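Here is a friendly briefing to read alongside the structure. Please keep the 3D view open as you go through the points.

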Amino acid sequence: MLRIFSRTMVKLGKMNPPDQVRSYQLVKPVRVILISDRYLNQQKGLPRVPVPPLRKTCEGYLSALEPIIEENEWKRAKQLVEAFMKRGGVGEELQRSLEKKACNTVNWITDLWGKLEYFGNRSPVVINANVQIACPRLDFRDKQGQIRCAAKLIVALLEFKTTIENPPRFTDGGCVFHSETLPAENLGGKPLCMEQYSQLLSTCRIPGLERDSVVFHAKIGNPPKHITVVYNSQFFVVEVYHNDGTPLTVDQLCVQMESICTSTSETNTEPVGILTTLDRDSWSKAYLSLKDQTNKESLSAIERSIFTLCLDRAIPRESDKYGTCDCHLITHGGGSQWNSANRWFDKSLQIIVAEDGSWGLNLIHVVADGAVSMALTDYLVASMKKPEMRQASILPLPMPQKLHFHVTPDIKEIIEQAKRSMDRNIQNFDLSVMVFDHFGKNYLKAHNMSPDAFIQMAIQLACYRMNKQVCASYEAVSQRMFRHGRVSLLLSTTSVSAAFVKAFDDPEKQNTEKIDLLEKAIKTHKENIKAVSIIYNI
């Protein structure tokens, strides 16, 4: 079973009122059809995201407020909204500004979302922002098994990279598609934006004093041909292509991994990777302090690499029936005494492989959303199940190059602060994995219930039971039907869902009435998801 989770799922009492519950997809909610053509060609034909009419936006705002505030508060909010929408008022002025931005930007939502949610957020990316995917544990429990698994994953990722980089070739006879071209995705007969795939690899988040940035090295001249490998909190550059452009084989990569593991023992080398666990303000200041030539070259090698491979120690396990320890490992590494410094959390993609068969992915959220991240994961999981063809290493291989850092006393003190901060954040992080096996999506579909909407109602009911009040919640809805589309937010708490959660545990309500309220809430949720797309197609 694949487990995908990002950020703390429920945050109560820590947000501006009204408190919000953030819900995340555990599986892809819709079926995406792959069509082996139009990958890059379809991008040009995708529409831009228009700006919804002002009245539609304001009506949606009031509708979202109604179930979570008192009646007198809602009436006051309605008066303020009506004043906001007056002809010649502030609302119309802001609407014109937004429409102007939409005309001058490929995707105004993605642009604003990136600046505010991703780059403007100054919390640590660990636990709070990065996406973590824990994969099914593999059948090995030793260093050799870890090395071979890592080598196979590298090869699989390079194959996936080839599918992204092989665009259609145009000839006089028409468009020719390579067998290794990434198929275009189609949903409900509509093509989807494929831009996120090109951002998964060779990308890195760069800390900034006020706002972070991201650099896509694959889109710059002379794209990288190496990966970074982290072992014992030390970084190595491994070239993964021969001079003729062909990738290294699994056996050749095993030789490289063994070279790293046998030459690297526990040393007094400072764990610079732990700095990427800091809050963004502290990390950006420390980043500027790593300014001598040695540090700059090492930082550049990490940031430009295709991805980062983390060879981890196995963390202690107690009762772990459902893989909770695996999820902790992929999320934060287990703490400063284990693998939290064996990371570079700003890399777009980290592949993590531990000695006990645990493995998974840690991605920065700014480059891709859940469906694209899961498509990559599905590819890797399938690749690990393929029969292996062993090939002897004949060609001489360049030795992996260890990256060095010049750590000043000031930086050393910041590293110690980062260790304490990381351990404190882990101590405050609760995570438990539960497998619900009473029924699944097929049972719900058989009763004409949307599995996604059912889960949303369950989350709202759980929060109501815990806090004795209806809480605000939202769900991310894909906007990939638009060019450079990412997600839009559906405010999933409605008056109908509020009526359901209030009635569910009421002993005076009959079960038939409760079921009726649930069905109405699910129907409304489905209609609202469709409305998110309809609004943007006006």
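**A partly exposed glutamate and its partner**

Glu413 has a relative accessible area of 39%, so this residue is partly exposed (buried means under 20% relative accessible area, exposed over 50%, and partly exposed in between, with a 1.4 Å probe and protein chains only). Its partner in a salt bridge is Arg420, with the closest N and O atoms 3.6 Å apart; a salt bridge here is a side-chain nitrogen of Lys or Arg within 4 Å of a carboxyl oxygen of Asp or Glu. Arg420 is partly exposed as well, at 46% relative accessibility.

This is a predicted model, in which local features need pLDDT of at least 70 and side-chain atom pairs count only at pLDDT 80 or more, while totals for chains, interfaces and linings use all residues. Residues are numbered from 1 along each chain as its sequence is written, and side-chain values use heavy atoms, with hydrogens and water left out.

**Overall picture**

- The protein has 16 helices and 18 strands; these are DSSP runs numbered from the N terminus, with helices being H or I of at least four residues and strands being E of at least two.
- Of the protein's 538 residues, 50% count as buried.
- Among contacts with a separation of 6 or more, 75% are between residues 24 or more positions apart, where a contact means heavy atoms within 4.5 Å.

**Confidence**

- The mean pLDDT of the protein is 84, and 86% of its residues reach 70 or more; pLDDT is the predictor's confidence in each residue, from 0 to 100.
- Confidence is highest in strand β13 (residues 308-312), at a mean of 97, and lowest in strand β1 (residues 3-6), at 38.
- Residues 1-38 have pLDDT under 50 throughout, and the model gives them 103 contacts beyond four places in sequence.
- Residues 168-179 also have pLDDT below 50, and this stretch has 16 contacts in the model beyond near neighbours in sequence.

**More salt bridges**

- By the rule given above, the count comes to 19 salt bridges.
- Lys520 and Asp516 form one of them, with the closest N and O atoms 3.3 Å apart.
- These two residues are four residues apart in helix α16 (residues 511-535), so about one helical turn separates Lys520 from Asp516.
- Lys520 is partly exposed, with a relative accessible area of 44%, and Asp516 is partly exposed at 33%.

**Helix α6**

- Helix α6 (residues 143-165) has 23 residues and reaches 33 Å from its first C-alpha to its last, close to the 33 Å expected at 1.5 Å a residue; the expected span is 1.5 Å times one less than the number of residues.
- The helix is mostly covered, with 18 of its 23 residues buried.
- Glu165 and Lys161 are four residues apart in α6, about one turn of the helix.
- Lys161 is buried, with a relative accessible area of 5%, whereas Glu165 counts as partly exposed at 44% relative accessibility.

**Helix α14 and the cysteines**

- Helix α14 (residues 451-467) has 17 residues and reaches 25 Å from its first C-alpha to its last, close to the 24 Å expected at 1.5 Å a residue.
- Its buried residues include Asp452, Ala453, Met457, Leu461 and Cys463.
- Lys468 follows α14 and has a positive phi, near 60°.
- Cys463 is buried, with a relative accessible area of 2%, and Cys471 also counts as buried, at 6% relative accessibility.
- A disulfide is a covalent bond between the sulfur atoms of two cysteines; the cut-off used here is a pair of cysteine sulfur atoms within 2.5 Å.
- Zero disulfides are found in a search of the whole structure.

- Thr377 lies in helix α11 (residues 370-384).
- Thr377 has 0% relative accessibility, so this residue counts as buried.
- A polar atom of the Thr377 side chain lies 2.9 Å from the backbone oxygen of Ser373.

Definitions and conventions:
Polar contact = N/O pair within 3.5 Å; in protein donor to acceptor, adjacent residues only side chain to side chain.
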